[in-house]
Amino acid sequence: GRNLQDHLQIRAVFRLAEGVDTLNTRLGSYRGMLATAAEYMLSQSGPMAMAPSQLGVFACSSNRVAVPDLQWHVQPLSLDSWEQPLHAWPGLTASVCNLRPTSRGSVELASPDSRDPPTI
């Protein structure tokens with residue numbers, strides 16, 4: 001592929017005080033997972049009825065930008081990556097993403113062997 005753009009996202013994870021209600025605490029046990037699933041099945045409400053980001057804000061990175069080029073998200077959960085489980089403690093994630101990156105790149109096969117890493 002050519003002319004590829006990477007929308008860099010910076011995530012900050014915060015550990016909150018014990019007892020704060022987050023998705024980490026709600027989904028941290030089988031009982032909590034069952035209660036969350038039941039809430040959705042019975043009333044189509046609760047955490048399963050909404051997107052992970054509970055707050056979104058668009059902003060301009062400077063006064064020279066005519067329309068917002070940054071997007072902020074706040075999520076009532078924390079994890080190291082989407083491939084990992086939620087943290088065992090109450091957590092919150094705040095992130096910002098550049099909506100219109102200016103850098104461009106390409107990815108190409110380095111060899112006929114699919115096990116070889118691509119050329120980026």
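Where in the chain is the place of His87?

Modeller: A word of caution comes before the answer: this is a predicted model. His87 sits in a loop. That loop runs between strand E3, residues 70-75, and strand E4, residues 91-98. Is His87 buried or exposed? His87 counts as buried, because its relative accessibility is 14% and the cut-off for buried is under 20%.

Now look at what surrounds this side chain. Set aside the neighbours within four places in sequence, and His87 is in contact with Val13, Asn24, Ser78, Leu79 and Asp80. One of these partners, Ser78, also makes a polar contact with His87. The two side chains are joined at 2.8 Å.

Next, go to another loop. Ala49 is found between helix H2 and strand E2, which covers residues 55-59. Beyond its neighbours within four places in sequence, Ala49 touches Tyr40 and Gln44. How far is Ala49 from Arg26? The two are 23 residues apart in sequence and 14 Å apart in space, C-alpha to C-alpha.

Follow the contact from Ala49 to Tyr40. Tyr40 lies in helix H2, residues 30-43. Tyr40 is partly exposed, at 32% relative accessible area.

Arg26 brings us to the charged pairs. How many salt bridges does the structure hold? There are three. One of them pairs Arg26 with Asp21, with the closest N and O atoms 2.9 Å apart. Arg26 is partly exposed at 34%, and Asp21 is partly exposed at 48%.

Another salt bridge links Glu108 and Arg2, where the closest N and O atoms are 2.6 Å apart. This pair connects distant parts of the chain, 106 residues apart. Glu108 is in the segment after E4, and Arg2 is in the segment before strand E1, residues 9-15. Arg2 counts as exposed at 61% relative accessibility, while Glu108 counts as partly exposed at 34%.

Then there is the salt bridge between Arg115 and Asp113, at 3.2 Å from N to O. Arg115 counts as exposed, with 73% relative accessibility. Asp113 is partly exposed, with 28%.

How many disulfides does a search of the whole structure find? It finds zero. Cys60 is in no disulfide, and its nearest cysteine sulfur is that of Cys97, 15 Å away. Cys97 is buried, with a relative accessible area of 11%. Cys60 is partly exposed, with 36%.

His87 is a buried residue, and its place is in the loop between E3 and E4. Its side chain makes a polar contact with Ser78.

How values were computed. Residues numbered from 1 in each chain as written. Predicted model: local features only at pLDDT ≥ 70, side-chain atom pairs only at ≥ 80, totals over all residues. Heavy atoms only, no water. Helix = DSSP H or I, 4+ residues; strand = E, 2+ residues; numbered from the N terminus. Buried < 20%, exposed > 50% of the residue type's maximum accessible area, 1.4 Å probe, protein only. Polar contact = N/O pair within 3.5 Å; in protein donor to acceptor, adjacent residues only side chain to side chain. Contact = heavy atoms within 4.5 Å. Disulfide = S-S within 2.5 Å. Salt bridge = Lys/Arg side-chain N within 4 Å of Asp/Glu carboxyl O.
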